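Q: I have a structure open and would like to learn how to read it feature by feature. Could you walk me through it?

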Amino acid sequence: MGNCLGSSAKVDTAQSSQTTYASGISKTSRSSVPSSFTISSYIDNSSASSLPTPRSEGEILSSPNLKSFSFNELKNATRNFRPDSLLGEGGFGYVFKGWIDEHGFTAAKPGSGTVVAVKKLKPEGFQGHKEWLTEVNYLGQLHHPNLVKLIGYCLEGENRLLVYEFMPKGSLENHLFRRGPQPLPWSVRMKVAIAAARGLSFLHDAESQVIYRDFKASNILLDVDFNAKLSDFGLAKAGPTGDRTHVSTQVMGTQGYAAPEYVATGRLTAKSDVYSFGVVLLELLSGRRAVDKTKIGIEQKLVDWAKPYLGDKRKVFRIMDTKLEGQYPQKGAYTAASIALQCLSNEGKARPRMTEVLATLEQIISPKNAVRPSQAAQQPVPLWRSPARQHRSPVNLIPIASPLASHRQSPCVR
Ligand SMILES: Nc1ncnc2c1ncn2[C@@H]1O[C@H](COP(=O)(O)OP(=O)(O)OP(=O)(O)O)[C@@H](O)[C@H]1O
Ligand SMILES: [Mg+2]
């Protein structure tokens with residue numbers, strides 16, 4: 001990871017020449033910061049503050065919700081970023097497990113205090129300072145049970161780090177696609193889909209709408225009870241305001257998850273997130289990756305392969321994960337497949353809003369539709385059985401246009 005062969009590298013087909021990654025957030029980017037966040041559909045523990053737009057780097061970093069760590073504190077907290085503390089690697093950098101003291105938030109002995117996840121930006125990481133700051137900006141203001149909690153950050157010289165609550169079960173991607181003894185049962189898959197839908201609904205229905213732009217299985221983290229939370233807000237963007245129908249922006253995202261009209265035009269709407277949600281819902285149903293280069297022909301692209309079966313009650317079982325061994329309610333699977341199909345409409349306008357998606361998914365798990373072992377178990381074994389689990393697959397999208405400096409025009413963006 002961290003180079004153009006990185007499996008989940010993001011796309012950047014810039015349409016703005018103002019963006020600067022090396023030296024900080026650009027004027028254009030700054031003006032995209034929303035002025036306030038309020039919640040309309042999900043109150044509970046959610047909160048967001050009203051802040052003036054644009055916010056300077058200084059304002060973002062002085063968020064009262066965030067602790068500013070020194071590099072040394074985080075070095076100690078992760079035992080010098082020891083390889084055995086490594087939790088994972090993404091395009092941004094490495095993620096380490098660490099311990100901080102519950103009160104002073106200084107390093108604590110391993111095993112004592114609070115467990116945290118420390119993400120350390122690779123110095124050569126492409127996403128760079130701008131996305132780091134975007135993440136601090138959004139997660140410093142947005143609080144919701146289905147968004148990962150940012151505890152603090154470190155900005156010292158070239159070092160940029162983020163400190164999050166530790167999510168003991170790691171990412172959804174690990175559970176769905178990595179070989180393991182326990183495939184996720186149907187009920188957990190639906191629980192994850194609902195929690196993620198709640199997180200997206202919260203963002204979309206905020207008074208100042210936020211478009212997440214990076215919805216994918218690796219960005220859905222799971223706590224010990226498989227409660228899902230969205231992480232990685234480096235690409236998040238303020239939604240359109242006033243009479244505007246969309247935001248014109250760089251095309252960024254991960255191949256297989258990004259909405260087709262957004263990739264084609266750079267016009268971003270909340271419905272782009274809805275498309276990505278449809279892809280992840282399909283991954284949950286099928287246990288297949290959005291893009292899988294180890295497969296042949298149409299099976300390489302999950303959406304293209306699965307779409308013909310999603311709207312047909314008698315055919316849905318063909319796309320269902322064989323690891324479920326038929327242990328899912330047939331009606332629930334069809335309902336989930338139907339809503340996935342709507343999310344995957346080629347036209348953004350035809351896609352449902354996330355609140356509608358959420359309501360439909362909640363019906364699936366409501367007591368009156370309680371899980372019964374599926375009649376699907378009696379169905380013939382799908383002909384579409386896939387080869388063994390695959391490698392991490394998403395790769396860069398091909399840029400559609402990029403007025404930026406030549407090193408940023410390459411599809412090998414990081
Ligand atoms: N808060 C956390 N708690 C526990 N594990 C985490 C946490 N954040 C990240 N991880 C682990 O680190 C891995 C890498 O995360 P990261 O967000 O850097 O990359 P990614 O999502 O896989 O790729 P991308 O850079 O494209 O977003 C995750 O898949 C997860 O396993
Ligand atoms: Mg991530």
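Q: How many bridges join strand E1 to E5, and do they run parallel or antiparallel?

A: First, a bit of housekeeping: this is a predicted model, in which local features need pLDDT of at least 70, side-chain atom pairs count only at pLDDT 80 or more, and totals for chains, interfaces and linings use all residues. Residues are numbered from 1 along each chain as its sequence is written, while chains are lettered from A and ligands numbered from 1 in the order in which they are written. Now the general idea: strands of a sheet pair through backbone hydrogen bonds, either parallel or antiparallel. Strands here are DSSP runs of E with at least two residues, helices are runs of H or I with at least four, and both are numbered from the N terminus. Two strands pair if DSSP finds at least two bridges between them. In this model, E1 (residues 67–68) and E5 are joined by two bridges and run parallel. Gly-152 in E5 is the bridge partner of Lys-67.

Q: And what joins E5 to E6?

A: Six bridges, and this time the strands run antiparallel, with E6 covering residues 159–165. E5 and E6 form a hairpin with two residues between them, and Gly-157 in the turn has a positive phi of about 60°.

Q: What is the strand order of the sheet?

A: Read across, the order is E1-E5-E6-E4-E3-E2, an open sheet of six strands with mixed pairing. E1 and E2 are at the edges with a single partner strand each, so one side of each has no neighbour in the sheet. Further in, E4 and E6 pair in the antiparallel sense over five bridges, with Val-163 in E6 as the bridge partner of Val-118.

Q: Is E5 enclosed or open to the outside?

A: For burial, count C-beta atoms (placed from the backbone) within 10 Å of a residue's own: 20 or more others means buried, 12 or fewer means exposed, and in between is partly exposed. Five of the seven residues of E5 (residues 150–156) are buried, so the strand is largely enclosed by the rest of the structure. Across the protein, buried residues make up 50% of the 414 residues.

Q: Which residues does Phe-69 contact beyond its sequence neighbours?

A: A contact means that two C-beta atoms, placed from the backbone, lie within 7 Å. Leaving aside neighbours within four places in sequence, Phe-69 is in contact with Leu-74, Gly-152, Tyr-153, Cys-154 and Val-163. Phe-69 lies in the loop between E1 and H3 and is buried, with 26 other C-beta atoms within 10 Å. Phe-69 and Tyr-153 are 84 residues apart in sequence, yet their C-alpha atoms are 5.9 Å apart. For the protein as a whole, among contacts between residues at least 6 apart in sequence, 72% join residues at least 24 apart.

Q: What should I make of phi at Asn-80 and Asp-232?

A: Most residues other than glycine have a negative phi. Asn-80 has a positive phi, near 60°, and sits in the loop between helix H3 (71–77) and E2. With 11 C-beta neighbours inside 10 Å, Asn-80 counts as exposed. Asp-232 also has a positive phi, about 70°, but is buried, with 27 other C-beta atoms within 10 Å. Look for Asp-232 in the loop between strand E9 (228–230) and strand E10 (237–238).

Q: Where does ligand 1 lie relative to the two domains?

A: Domain bounds come from an automatic or database domain assignment. Domain 1 (22–165) and domain 2 (170–390) both give residues to the shell around ligand 1, so the ligand lies between them. A residue joins that shell if its C-beta atom, placed from the backbone, lies within 6 Å of the molecule. The shell has 24 residues, the closest being Gly-88, Gly-90, Gly-91, Ala-117 and Met-167. Strand E2 (86–89), strand E4 (114–121) and helix H5 (172–177) are the elements that give two or more residues, and E2 gives the most, with three.

Q: Where does UniProt place a "binding site" feature?

A: The unreviewed entry puts it at Lys-120; such annotations may be inferred rather than shown by experiment. Lys-120 is found in strand E4 and is buried, with 21 other C-beta atoms within 10 Å. Not counting residues up to four places away in sequence, Lys-120 touches Phe-81, Gly-93, Tyr-94, Phe-96 and Leu-161.
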